[in-house]
Amino acid sequence: MSDRRLLRASLPSGRSHWRTSPSDFDLLDSDFDTQLTIYDSQGFWIYFNDDFEYSDDGDDTNDTFQSFLELDEGLPAGTYYVVITGYNNDILDGFSVFPDSEGTDSGSYELKFPGGTRSGGLASGGQVWFQFTIGEVVSPPVDIEVTAVEVVGDQLTLEWVAQPNAVYQIYSSTTGGSFTLVPGQDAILTDSTTFTIDGSGEPVKLFQIREVIPN
C-alpha cells in the first residue's frame, strides 16, 4: 500500500555549487521503527537511514529505532522523492520498495524537513511518498556604481566600477519599463564601453549596466 504526496516546498540551491545549505530530514518523533529513503528523479536511491546513531556528551554512541538524514552538503537543484517505511523493507533502485513477507513495523510518523512538517499514520507493509524540489537560486540585482557618462556626437561612453572577472551587458529603454539588450553590448570585460546612439529625433533613452550572473 503506497501513499504519494507532494511536499509543497521549493528549496533554494546554493549558487556556487548548485547545492542547498545543510538539510535535515527527521523522523525522530515517530513512534515506530522507521526507515527513511531519498530517491533522485531517475529512481536511484541516494540516501537511506534505518536507525539513527548519535553521540552524547561523552564518547558513547547511541542509536534509536527512528530515522534521521543529515545532508551536510545539501542537494543539487532538481526533483526528489522521500519515502517513509517501517522496518523491514528492501530499498532498491527504480523507486522499488519491498516489504518483508512477515510484515513491517507501523505507527504514527512525523517528518520534519526544511520548511515544514508532515505527520500521519503508516500501516504494516505501507509506504508514504513525498515529492519535493530544490530550486535554483535567484540572484538579487547587483548595484553598479557609474562613474562617467559622456555623449560626443552619436557616441555614448559609459564608465563604471567593475568587479574582478565580471562580465557586463548594456540595456536600453525608452519608457523605463521594458529594457532590451543593446546590440554588441552583451559581453563586456572592462569597466567602460562606447557605442553608437541615434540622436536624430529618437526618443530619450534610459540605459542600464548589468552584471552577468552565471548559471
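## The chain overall

The model is predicted. Its secondary structure comes to 19 strands and zero helices. The chain has 215 residues, and buried residues make up 35% of them.

The chain exposes about 12500 Å². Carbon and sulfur atoms supply 47% of that area.

## The sheet of β14, β15 and β18

Strands of a sheet pair through backbone hydrogen bonds, either parallel or antiparallel. Here, three strands form an open sheet in the order β14-β15-β18, and the pairing is antiparallel. β14 (146-152) and β18 (192-196) stand at the edges. Each has a single partner strand, so one side of each is left without a neighbour in the sheet. From one strand to the next, the twist averages 15 degrees.

β15 covers residues 155-160. β14 and β15 pair over six bridges, in the antiparallel sense. Val 146 stands opposite Trp 160 in β15.

## The sheet of β17, β16 and β19

Another open sheet has three strands in the order β17-β16-β19. The pairing is antiparallel here too. Its edge strands are β17 (180-181) and β19 (206-211), and each pairs on one side only.

Strand β16 spans residues 168-173. β16 and β17 pair over two bridges in the antiparallel sense. Ser 172 has Thr 180, in β17, as its bridge partner.

Technical notes:
Residues numbered from 1 in each chain as written. Predicted model: local features only at pLDDT ≥ 70, side-chain atom pairs only at ≥ 80, totals over all residues. Heavy atoms only, no water. Pairing = 2+ DSSP bridges. Helix = DSSP H or I, 4+ residues; strand = E, 2+ residues; numbered from the N terminus. Axes fitted to C-alpha atoms, helices over the stretch in contact; angles between N-to-C directions. Buried < 20%, exposed > 50% of the residue type's maximum accessible area, 1.4 Å probe, protein only. Areas by Shrake-Rupley, 256 points an atom, 1.4 Å probe, with all protein chains shown as cover.
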